[in-house]
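Biologist: I would like to learn how to read a structure like this one. Could you take me through some features, one at a time?

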Amino acid sequence: MPCILIIDDESAIRKLLEITLHANGYKTQSAANAQEGITMAAMHPPDLILLDLGLPDEDGQSVLIRLREWFRQPILILSVRSGEEDVVQALDHGANDYLIKPFRPGELLARIRSALRLAQSGDQDPVQEFGNLTVDVANRTLRKNNELVKLTSTEFALLSLFVRNEGKVLTHSFILREIWGPGYVTQTQYPRVFVGQLRKKMEDEPDQPRFILTESGVGYRFVGNT
Amino acid sequence: MLLTHKTHSNFSQYGWSVATVLVSAAICFPFTDLIGYRTVSLILLMVVSILAMRFSIGPVSVAAILSALIWDFFFIPPHFTLTVGHAEDALMLLMYFIIALLNAILTNQMKVYDRIMRRREDKESTLRLYNTLFNSLSHELRTPIATILAASENLASDKHKWSDEDKSTMNQVVHTAAERLNRLVDNLLNVSRLESGHLVLKWDWCDVGELINTAALRLKPDLDNKSLDIKIPANWPLMRLDFVLMEQAIYNLLHNAATYTPPGTRIVVDGAYQNHQLTIRISDNGQGFKEEEDLLRIFEKFYRPAGSKAGGVGLGLSIVKGVIKAHHGTIEVRNKPEGGAEFILNIPTGQLLRPTVNH
């Protein structure tokens with residue numbers, strides 16, 4: 001039974017999260033401030049941390065940095081709307097994913113599941129199926145409805161980055177660093193162009209994508225199974 | 001900062017006053033014999049009056065005194081002395097002095113009065129705006145809160161045995177009310193962000209089609225029985241915009257179209273770009289705006305057409321306008337001749353980026 005540590009100063013939110021998580025088979029610990037949260041994480045390391053960015057005693061980003069010095073398990077950020085820049089910053093500081101308050105419990109559970117799955121999966125199966133797509137990372141091929149889809153090498157690199165991080169949001173700068181290298185992090189037009197091309201090749205309706213979703217102001221998320 | 005600026009502009013006002021008087025006197029001097037030195041006094045008086053219209057009392061008084069002395073010294077015989085020959089001239093000099101100063105004082109009083117009136121008008125219109133705001137805000141905030149409180153109390157009470165159907169209705173009601181509150185708070189926060197003056201746009205290369213599709217995806221649950229048709233070609237170049245803000249603007253426009261049109265309405269988004277200008281049109285085949293006034297005032301904060309259905313305080317479109325303005329663009333609205341409303345956004349795009357991708 002995975003244990004989740006909730007660090008949030010709002011007791012109502014903590015209570016609701018606890019109920020939701022217990023009902024879905026998770027154990028929980030709760031902390032109302034940064035200090036308490038860090039201590040709890042150190043004493044009983046949880047499998048995942050839900051961290052609110054607006055804590056009373058310490059800036060959420062610095063809590064995140066302190067936790068990431070030693071904590072390797074997933075950290076999910078809880079943030080308020082129009083805090084996209086904070087979210088991007090948090091993701092760059094090592095958070096695994098984020099949820100904008102107010103969020104739906106279903107969304108929360110899906111993110112937790114996918115973060116835990118990513119953290120536990122060791123070597124991925126080289127051949128993976130997502131709906132009508134089959135991605136073979138070893139042979140660098142994509143099949144749609146069993147037919148081979150021609151991808152350029154950059155397109156395939158991007159696709160396998162998405163597949164490796166299935167369910168997780170990837171920031172523009174992360175994608176740029178991984179695919180094009182550290183010198184390209186400001187060239188945000190690259191992911192836009194290549195994601196557009198990938199969508200045209202792999203989505204049934206590129207205008208209403210079901211696999212590669214746009215996260216406004218943050219980046220992209222590959223959703224394999226809906 | 002403000003103070004130094006004011007002193008500075010006062011300084012330049014003094015400079016201008018002195019210069020204007022000197023130049024006018026110099027121009028008049030060669031013609032003294034032709035027009036007579038008494039006419040010169042009228043010309044100088046006119047110059048002081050003109051200065052009084054623009055400048056504050058200090059510089060104008062200086063101009064009045066300076067021009068009186070100049071007139072005395074250079075024009076009244078005997079020339080180049082402050083002595084006045086005739087008693088008549090002495091009287092005129094005195095009157096000149098008084099009229100010039102009166103001029104400065106009276107115009108200044110007028111300006112002060114004008115400023116007070118304007119401030120009072122501003123205050124009244126702010127007050128009116130606040131009243132509208134408080135009335136509609138308190139209604140808009142209290143209605144969903146009342147719904148949530150009542151429904152949750154019902155659900156908690158064990159006096160009744162609620163049927164599953166009742167329970168699900170009440171849950172639904174709570175959910176809808178919370179969403180309404182959430183949208184309202186979002187809009188209020190967006191307005192304050194746009195108006196704070198601290199908003200820095202995050203210019204980034206955007207795929208306009210992707211941007212509109214993202215907004216449309218967010219709208220899907222509220223679309224009900226209306227259809228949305230997005231006709232943006234897939235091969236557009238990238239343009240520099242603030243993705244998050246523009247997406248919010250498009251979402252607000254689509255949400256408006258979906259909310260205030262009858263069932264079965266078709267909403268169409270199309271667009272074009274040429275000559276460094278992006279045009280996006282969002283139109284519907286609903287009933288359009290009833291009053292001419294609506295078309296003129298629809299982007300004003302807290303303006304809602306008479307008889308608008310409940311929900312909303314009149315912020316959505318003012319946010320759209322704010323976002324478009326921040327992009328140096330314009331937005332227009334009209335009733336289409338064939339029926340329905342049409343919003344037209346024009347945004348300068350500057351450079352376009354046409355991706356060439358072959359690797």
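Modeller: Let's begin with handedness: a crossing is left-handed if the near helix is turned anticlockwise from the far one by less than a right angle, and right-handed if clockwise. Helices (H or I, at least four residues) and strands (E, at least two) are DSSP runs, numbered from the N terminus. By that rule, helix 3 of chain B and helix 4 of chain B make a right-handed crossing. This is a predicted model, where local features need pLDDT of at least 70 and side-chain atom pairs count only at pLDDT 80 or more, while totals for chains, interfaces and linings use all residues. Residues are numbered from 1 along each chain as its sequence is written, chains are lettered from A and ligands numbered from 1 in the order in which they are written, and side-chain values use heavy atoms, with hydrogens and water left out.

Biologist: At what angle do helix 3 and helix 4 of chain B pack?

Modeller: Two packed helices are described by the angle between their axes and the distance between the axes. Axes are lines fitted to C-alpha atoms, for helices over the stretch in contact, and angles run from 0 to 180 degrees between N-to-C directions. Here helix 3 (residues 37-54) and helix 4 (residues 57-75) of chain B pack at about 165°, with axes 10 Å apart. Angles under 35 degrees count as roughly parallel, over 145 as roughly antiparallel, 65 to 115 as roughly perpendicular and the rest as oblique. Helix 3 and helix 4 of chain B are therefore roughly antiparallel to each other. Contact means heavy atoms within 4.5 Å, and those making it include B:Leu44 and B:Val48 of helix 3 of chain B and B:Ala63 and B:Trp71 of helix 4 of chain B.

Biologist: How do helix 1 and helix 5 of chain A cross?

Modeller: The axes of helix 1 and helix 5 (residues 105-120) of chain A come within 11 Å and cross at roughly 60°. This crossing of helix 1 and helix 5 of chain A is right-handed. Among the contact residues are A:Leu17 and A:Thr20 of helix 1 of chain A, and A:Pro105 and A:Ile112 of helix 5 of chain A.

Biologist: In what order do the five strands of the open sheet in chain A lie?

Modeller: Strands of a sheet pair through backbone hydrogen bonds, either parallel or antiparallel. Two strands pair if DSSP finds at least two bridges between them. In chain A, the order is 2-1-3-4-5, and the pairing is parallel. Strand 2 (27-31) and strand 5 (97-101) of chain A stand at the edges with a single partner strand each, so one side of each has no neighbour in the sheet. From one strand to the next, the twist averages 20°. Strand 1 (residues 3-7) and strand 3 (residues 48-52) of chain A pair in the parallel sense over four bridges; A:Ile7 has A:Leu51 of strand 3 of chain A as its bridge partner.

Biologist: Which residues does a cis peptide bond join?

Modeller: One such bond joins A:Lys101 and A:Pro102, with omega about -5°. A:Pro102 sits in the loop between strand 5 and helix 5 of chain A. Another joins B:Pro77 and B:Pro78, where omega is about -5°, and B:Pro78 is in the loop between helix 4 and helix 5 (87-156) of chain B.

Biologist: Where is A:Asn145 found?

Modeller: A:Asn145 is in the loop between strand 8 (141-144) and strand 9 (147-149) of chain A. Its phi is near 50°, a positive value in a residue other than glycine.
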